[in-house]
Amino acid sequence: MTAAEDSVRGSGRSMSRTEARTKALEVLFAADLRGVPAATLLDDPEGGWVDAFTRTLVTTVADNRYDIDQLIGERAEGWTLDRMPGVDRNVLRLGLAELLYIDEVPPAVAIDEAVELAKSLSTDSSPRFVNGILAAVARDRDLL
C-alpha cells in the first residue's frame, strides 16, 4: 500500500483518483479566481476534506506552475492563458502536472482524465483543445 492509499484509508474515507482529480481542479480553479496560492486552500475547512492524491496534484501544479504555464502558452495557438476559460486553463495545468511530474500515472491516463474533466465541466470544444495540447507535449517528450 502506498503512503497516499494509507492516508486515505487511515482517515476512514476513500476517494477515487478521478474524484481526487475533480477535487484538485476545484481547488486550482478557486485559487485562480481568488488570486491566491492553491496550497493555501488545501486546508480551508470550507473546501471540505482533501485526500493525499489531491494534495499531490495541487502541490505539483503549484511547484511547477511557471514551467507548466510556459508549455501551455507555447502550444495554445491563438490563445493566451488570460483569455482561456478558467476551467480549461486549470484542466491543462492539472493534466500537464500528471503527465510530466507524477511518474505513477501513465501518460495516456493523464491525458484521458484531463479530457474527461473538460467534457464534464467545460465547453463543447474544450475536450479537443485539451487533448491537442496534452498530446502535443506528450509526443514532444516521447511519452506516448
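This is a dialogue on how to read some features of a predicted model of one protein chain.

Reader: How many helices and strands does the protein chain have?

Author: A reading of a fold may begin with its secondary structure elements. In this predicted model, the protein chain has seven helices and zero strands. Followed along the sequence, the pattern is α-α-α-α-α-α-α. The radius of gyration of the protein chain is 15 Å, close to the 15 Å given by the globule rule for 144 residues, so the chain is as compact as a globular protein of that length. Along the principal axes, its C-alpha atoms fill a box of roughly 45 × 35 × 25 Å.

Reader: Which percentage of contacts in the protein chain, between residues at least 6 apart in sequence, join residues at least 24 apart?

Author: A contact here means heavy atoms within 4.5 Å. Among the contacts between residues at least 6 apart in sequence, 67% join residues at least 24 apart. Ala 135 and Ile 111 are 24 residues apart along the chain, and their C-alpha atoms are separated by 7.1 Å. Ala 135 is found in helix H7.

Reader: Is Ala 135 buried or exposed?

Author: Ala 135 has 10% relative accessibility, so it counts as buried. In the protein chain, buried residues make up 44% of the 144 residues. The chain exposes about 7,800 Å², of which carbon and sulfur atoms supply 48%.

Reader: Which residues of the largest nonpolar core touch the most other members?

Author: A core is read through its members and the elements that supply them. The largest nonpolar core holds 43 residues, and those touching the most other members are Ile 72, Val 91, Leu 96, Leu 99 and Val 130. The elements giving two or more residues to this core are helix H2 (17-34), helix H3 (52-63), helix H4 (65-75), H5, helix H6 (107-121) and H7. H5 gives the most, with eight residues. With residues up to four places away in sequence not counted, Ile 72 touches Leu 81, Met 84, Arg 89, Leu 92, Arg 93 and Leu 96.

Reader: Where does Leu 81 lie?

Author: Leu 81 lies in the loop between H4 and H5. Its relative accessible area is 18%, so Leu 81 is buried. Apart from neighbours within four places in sequence, Leu 81 is in contact with Asp 69, Ile 72 and Arg 89. Leu 81 and Glu 26 are 55 residues apart in sequence, and their C-alpha atoms are 18 Å apart in space.

Reader: Is Glu 98 buried or exposed?

Author: Glu 98 lies in helix H5, residues 86-101. Its relative accessible area is 1%, so Glu 98 is buried. Beyond neighbours within four places in sequence, Glu 98 is in contact with Arg 21, Phe 53, Leu 57, Val 105 and Ala 110. As for the whole protein chain, the mean positions of its 16 positive and 25 negative charges are 2 Å apart.

Reader: What is the phi of Asp 142?

Author: Asp 142 has a positive phi of about 55 degrees, although it is not a glycine. Asp 142 lies in the segment after helix H7 (126-140). With 69% relative accessibility, Asp 142 counts as exposed.

Technical notes: Residues numbered from 1 in each chain as written. Predicted model: local features only at pLDDT ≥ 70, side-chain atom pairs only at ≥ 80, totals over all residues. Heavy atoms only, no water. Helix = DSSP H or I, 4+ residues; strand = E, 2+ residues; numbered from the N terminus. Rg over C-alpha atoms; globule rule 2.2 N^0.38 Å. Buried < 20%, exposed > 50% of the residue type's maximum accessible area, 1.4 Å probe, protein only. Areas by Shrake-Rupley, 256 points an atom, 1.4 Å probe, with all protein chains shown as cover. Lys, Arg positive; Asp, Glu negative; His and termini not counted. Charge placed at Lys NZ, Arg CZ, Asp CG, Glu CD. Core = buried A, V, L, I, M, F, W, Y, C linked by side-chain atoms within 4.5 Å.
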